[in-house]
Amino acid sequence: MKVLKKFADHLCRVYTISAMLFLLLNIAIDGTLEDTEIITKAYLLVFVFAIGFALANLIYGSKTISSFGVRLVCHFVVVTASAFLFLYLPNMPGASASSKLIMLLLFVLLYWICMSVYLAFAKVIKKAEPQKSEYKSVFKK
């Protein structure tokens, strides 16, 4: 039950943020709010992308996989694959193979830039937190 709650939390956050980013991107590309349509298919695909991203976050935060590198690679593969399969390919079915490869490489580059920033901030925050000492009962004799 705890895993399902965590998954739903990640799903809601990722979906809300990614949907808002796509709306802002759409407004930035068009330059105006007039004639800006919300396409149902696109939002459903963003939801499927958010499911993949939330699943990747669960894998990344999992304690069952002890190796950080394996968790990071799994997170990378799932996020990049879901972005490529659900955000790019359905919108550009007739694109050439070279265009698809370039977009895949851009997704990979964007992922590693974002993850590097995230890991750097996480390291700074972890160093700033006070060290927790082990609990010792004062009532035991």
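**Charges and core in a predicted model**

Student: What makes Lys2, Lys5, Lys6, Lys63 and Lys126 a patch of positive charge on the surface?

Tutor: This is a predicted model, in which local features need pLDDT of at least 70 and side-chain atom pairs count only at pLDDT 80 or more, while totals for chains, interfaces and linings use all residues. Residues are numbered from 1 along each chain as its sequence is written, and side-chain values use heavy atoms, with hydrogens and water left out. Lys and Arg count as positive and Asp and Glu as negative, with His and the chain ends not counted. A patch takes residues with over 30% relative accessible area and no salt bridge, and joins like charges within 9 Å (nonpolar side chains within 5 Å). Lys2, Lys5, Lys6, Lys63 and Lys126 gather in such a patch, to which helix H1, residues 2-30, gives the most, with 3 residues.

Student: Why is Lys126 called exposed?

Tutor: Exposed means over 50% relative accessible area, buried means under 20%, and partly exposed lies in between (1.4 Å probe, protein chains only). Lys126, found in helix H4 (residues 97-128), has a relative accessible area of 64%, and is therefore exposed.

Student: How do you know that Arg13 and Asp9 meet in a salt bridge?

Tutor: A salt bridge is a side-chain nitrogen of Lys or Arg within 4 Å of a carboxyl oxygen of Asp or Glu. For Arg13 and Asp9 the N to O value is 3.2 Å, and the pair meets the rule; the count by this rule comes to 1 salt bridge. Arg13 and Asp9 are 4 residues apart in helix H1, so about one helical turn separates them. At 53% relative accessibility Arg13 counts as exposed, whereas Asp9, at 34%, is partly exposed.

Student: Which residues form the negative surface patch, and why is Asp30 called partly exposed or exposed?

Tutor: The negative patch is formed by Asp30, Glu34, Asp35 and Glu37. Asp30, which is found in helix H1, has a relative accessible area of 40%, and is therefore partly exposed.

Student: What makes a set of residues a nonpolar core?

Tutor: A nonpolar core is a set of buried Ala, Val, Leu, Ile, Met, Phe, Trp, Tyr and Cys residues joined through side-chain atoms within 4.5 Å. The largest one has 13 residues, of which Phe7, Leu11, Phe49, Ala83, Leu87 and Phe107 touch the most other members. H1, helix H2 (40-60) and helix H3 (68-88) each supply at least two residues of this core, and H2 gives the most, with 5 residues.

Methods:
Areas by Shrake-Rupley, 256 points an atom, 1.4 Å probe, with all protein chains shown as cover. Charge placed at Lys NZ, Arg CZ, Asp CG, Glu CD.
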